[in-house]
Amino acid sequence: MAQTLTEFDTIAAISTPIGEGGISIVRMSGEEAIKIANHVFKGADLTKVATHTIHYGHIIDPETDKTIDEVMVTVLRAPKTFTREDMVEINCHGGIVVTNHILQLLLANGARMADPGEFTKRAFVNGRIDLTQAESVMDIVRAKTDKARQVAVGQLAGGLLEKIRGMRKEILDTLANVEVNIDYPEYDADQITAKQMADTSNDVIKKIDRLLKTAQEGTILRNGLATAIVGQPNVGKSSLLNYLTQSDKAIVTDVAGTTRDTLEEYVSVKGVPLKLIDTAGIHHTEDKVEKIGVERSQKALKQADLVLLLIDGSQDLTQEDQALIAETKNKKRIIILNKLDLGQKLTIEKMQQMTNSPVISTSILKEKNLDELEDLIKKLFFSGIENSNDQVMVTNQRQAGLLQKAKKQLQDVIKAVENEIPVDIAQIDFNGAWDTLGEITGDSAPDELINALFSQFCLGK
Ligand SMILES: Nc1nc2c(ncn2[C@@H]2O[C@H](COP(=O)(O)OP(=O)(O)OP(=O)(O)O)[C@@H](O)[C@H]2O)c(=O)[nH]1
Ligand SMILES: [Mg+2]
């Protein structure tokens, strides 16, 4: 990948969400950015001001001389900017009309509307960040919980990049040795080379495995652990969703069959990001609408990573409860015996024996044992995750897929060496692994891939 500064036209976009807000920011990047801004700005001469300074003034329409807005303009000169190009940020008063008007003025005076992700793409093309960092910009924007954001920020700082480049260097050093070995024919060069390649392959595979282990947690951090709240009608499912989200998003009534459709909410429970799904009570019904709701509940149940199975603990276990217990037996689940305040017919011990799963008694209405429930969710989540403090994580399918591919190539190297296949043939896969790892960071990524990636970004990033 060429790391030289490329010349580009000047792009502009609104970088804050469209809508009513305190301030909006219109951003420009490119050679002409400062000149164009200066043309529509009344205040200091922006072409003369020092870099990384902010200036008070007004945006005026040079055609009509009309004042559009009172603004603060930040001037950032290359190369110490996000894109490594000259950049200007116009802080104007929020509101769609004014913000759009300013953008239109910039476009009329020589800037081009930026494509989605184009600012970040320039940062990448100009060598300011690598692909894992570019992806993390998108992750930060989309992060649904604090922890997810932390991981993305860590990645933006280059954590994953460093690990991948380290592995690539190991491979490259070994390849360099291959050349040296060939220069000393008094040794059995092939044998030495083969051993070195196999050793390095083994070592790098171990490192890849460690990263791949983080991929599952990374994906959950990005998307939230899909958690379905299921049970018979009226057991308190929607009440639980409302409690965990501290809201009244779901309708709660004493009418069985209140919830007709699934409802999703993101929430962080003791630091664990959950995508909570409230479902319609699963039971046999002839009602047309309810039937569809029950089908959707079944679908949510199938796709869930975690099931919160609610049972009315003040009543005897119904056949339908038992059917749900059987249906969820292969899922990670917590059995919640709710309505503890109405007395308890089902005991925790008995249920534990019967279900072989963690069981807890609660009263959602009286907010009893709900903190303990949250602890249980957290415990269940972190069991099975070895190193949850590690900030370096693989957070998307693209990265994980390429790591798998590199691992396979290195395994093939080891196999070839074991089978005493000629070294130059084993070396093909060894080189291949080096390339594959480079695709993760963008050091050796094809253009189509890069374009496809950046097009997923939102406008103004
Ligand atoms: N006594 C008591 N009532 C509760 C408790 N939790 C929920 N309820 C009540 O039970 C009724 C049903 O609660 P919902 O949260 O709507 O139950 P649901 O499982 O979502 O019901 P559907 O949507 O109809 O399937 C409401 O009147 C709640 O106030 C509890 O712990 N104790
Ligand atoms: Mg409900």
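This section describes the overall fold, the ligand and metal sites, and the annotated positions of a predicted model.

The chain contains 15 helices and 13 strands. Of its 461 residues, 49% are buried.

Ligand 1 is surrounded by 23 residues, of which the closest are Lys237, Ser239, Gly257, Thr258 and Thr259. Helix α8 supplies the largest share of this shell, with three residues. Polar contacts to oxygen atoms of ligand 1 involve both backbone and side-chain atoms of the protein. A polar backbone atom of Thr258 lies 2.7 Å from one oxygen atom of the ligand, and a backbone N or O atom of Thr253 is placed 3.5 Å from an oxygen atom of ligand 1. From the side chains, Ser363 contributes a polar atom at 3.3 Å from an oxygen atom of ligand 1. Taken on its own, ligand 1 has 650 Å² of accessible area, and the protein covers 91% of it.

The magnesium ion (ligand 2) is coordinated by the OG atom of Ser238 and the OG1 atom of Thr259, at 2.0 to 2.1 Å. These two residues link distant parts of the chain, being 21 residues apart: Ser238 belongs to helix α8 (residues 237–245), whereas Thr259 is located in the loop between α8 and β9 (263–269). Ser238 has a relative accessibility of 7% and therefore counts as buried. Thr259, with a relative accessible area of 18%, is also buried, because the cut-off for this class is under 20%.

An unreviewed UniProt entry assigns the feature "binding site" to Arg27, Glu89, Arg128 and Lys461. Glu89 is situated in strand β6 (residues 87–93). Beyond its neighbours within four places in sequence, Glu89 contacts Ile25, Val26, Arg27, Met72, Val73, Thr74 and Leu76; among these, Arg27 carries the "binding site" annotation in the UniProt record as well. Arg128 occupies the loop between α3 (118–125) and α4 (131–142). Its relative accessibility is 36%, so Arg128 counts as partly exposed. With neighbours within four places in sequence set aside, Arg128 is in contact with Thr81, Phe82, Arg84 and Ala123. For Thr81, the backbone oxygen is found 3.4 Å from a polar side-chain atom of Arg128.

Note on methods: Residues numbered from 1 in each chain as written. Chains lettered and ligands numbered in written order. Predicted model: local features only at pLDDT ≥ 70, side-chain atom pairs only at ≥ 80, totals over all residues. Heavy atoms only, no water. Donors = N, O, S within 2.8 Å, 3.2 Å for Na, K, Ca; no water. Helix = DSSP H or I, 4+ residues; strand = E, 2+ residues; numbered from the N terminus. Buried < 20%, exposed > 50% of the residue type's maximum accessible area, 1.4 Å probe, protein only. UniProt positions renumbered as here; feature names shortened; annotations may be inferred. Contact = heavy atoms within 4.5 Å. Polar contact = N/O pair within 3.5 Å; in protein donor to acceptor, adjacent residues only side chain to side chain. Near = heavy atom within 4 Å. Areas by Shrake-Rupley, 256 points an atom, 1.4 Å probe, with all protein chains shown as cover.
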